[in-house]
Amino acid sequence: MSAVINALPRIEPMGVDDVDTVLAIECEAHAFPWSRANFSDSLAAGYSAWVCHMDGVLVSYAVMMLVLDEAHLLNITVRPEWQRHGYGMLLMTHLFSTARAHGAQRLFLEMRRSNLAGAGLYRRCGFGEIGLRKDYYAAAAGREDAIVMAAELS
């Protein structure tokens with residue numbers, strides 16, 4: 001009997017059992033990663049947290065906070081070797097759908113000014129710049145600005 005390989009991505013809620021893998025990807029993908037406590041606290045608070053698997057490999061994840069009629073994307077990351085294959089867009093589509101289902105009218109995020117790949121994804125998803133947070137993120141040379149973006153969900 002031959003093994004069957006699931007060729008379709010699978011998005012499911014992030015669980016406590018996913019945190020070790022998510023943290024390893026986070027540390028690989030970001031110079032200033034979220035901590036284990038950031039992920040654990042997000043799960044404990046009931047945030048909308050998701051993982052995407054492809055052929056049994058966790059390839060991306062996201063954490064979104066839903067508050068009244070707004071959603072805030074707190075973290076979205078694709079495993080570096082799986083980037084630029086559509087997994088960020090797939091997860092963003094899922095987040096938009098989830099936020100709409102919870103009655104959110106807008107989705108907000110902050111991103112590093114230097115995050116050109118993220119900026120491209122966000123613009124393709126309909127995000128526009130609405131503000132700037134000076135010196136928001138830690139950076140190798142001190143601090144880095146955050147660009148605040150929003151997308152309408154209606």
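# Reading the packing around helix H4 and strand S7

Mentor: In this predicted model, the buried residues of H4 pack against S4, H3, S5 and S7.

Trainee: Which residues of H4 are buried?

Mentor: Gly 118, Ala 119, Leu 121 and Tyr 122 are the buried ones in H4. Viewed down the axis of H4, its buried residues fall within an arc of 165 degrees, so they line one face of the helix.

Trainee: Which residues are exposed on the other side of H4?

Mentor: Leu 116 and Arg 124 are exposed there. Just after H4 comes Gly 126, whose phi is positive, at about 100 degrees.

Trainee: Now the cores. What is the general idea?

Mentor: Nonpolar side chains in soluble globular proteins tend to be buried together. In this case the largest nonpolar core has 24 residues, and Leu 73, Met 92, Leu 107, Tyr 122 and Phe 127 touch the most other members.

Trainee: Which elements each supply at least two residues of this core?

Mentor: They are strands S3 (57–67), S4 (70–78), S5 (106–112) and S7 (142–152), together with helices H3 (87–101) and H4 (116–124). H3 gives the largest share of the core, five residues.

Trainee: Take one member of the core. What does Leu 107 touch?

Mentor: Leaving aside residues up to four places away in sequence, Leu 107 touches Met 64, Ala 71, His 72, Leu 73, Met 92, Phe 96, Phe 127, Met 149, Ala 150, Ala 151 and Leu 153. Another core, of 13 residues, lies apart from the largest one and includes Met 14, Val 19, Leu 58 and Tyr 61.

Trainee: Why is S7 said to be largely enclosed by the rest of the structure?

Mentor: Count its buried residues, taking buried as under 20% relative accessible area. In S7, eight of the eleven residues are buried, so the strand is largely enclosed by the rest of the structure.

Trainee: How many bridges join S5 to S7, and how many pair S6 with S7?

Mentor: S5 and S7 run antiparallel and are joined by seven bridges. Leu 109 stands opposite Met 149 of S7. S6, residues 128–139, also pairs with S7 in the antiparallel sense, over eight bridges.

Trainee: What do S6 and S7 form, and how many residues are between them?

Mentor: They form a hairpin with two residues between the strands. Ala 139 has Gly 142 in S7 as its bridge partner.

Trainee: Why is the pair of Phe 96 and Phe 127 edge-to-face?

Mentor: Their ring centres are 5.8 Å apart and their planes stand at 90 degrees, so the pair is edge-to-face. Because Phe 96 lies in helix H3 and Phe 127 in the loop between H4 and S6, the pair ties together parts that are 31 residues apart in sequence. Phe 96 and Phe 127 are both buried.

Trainee: Which residues form one aromatic cluster with Phe 39?

Mentor: Trp 34 and Tyr 61 form that cluster with Phe 39.

Terms used:
Residues numbered from 1 in each chain as written. Predicted model: local features only at pLDDT ≥ 70, side-chain atom pairs only at ≥ 80, totals over all residues. Heavy atoms only, no water. Core = buried A, V, L, I, M, F, W, Y, C linked by side-chain atoms within 4.5 Å. Buried < 20%, exposed > 50% of the residue type's maximum accessible area, 1.4 Å probe, protein only. Helix = DSSP H or I, 4+ residues; strand = E, 2+ residues; numbered from the N terminus. Contact = heavy atoms within 4.5 Å. Pairing = 2+ DSSP bridges. Phe/Tyr/Trp six-rings, centres within 6.5 Å; stacked < 30°, edge-to-face > 60°. Arc of directions from axis to C-beta.
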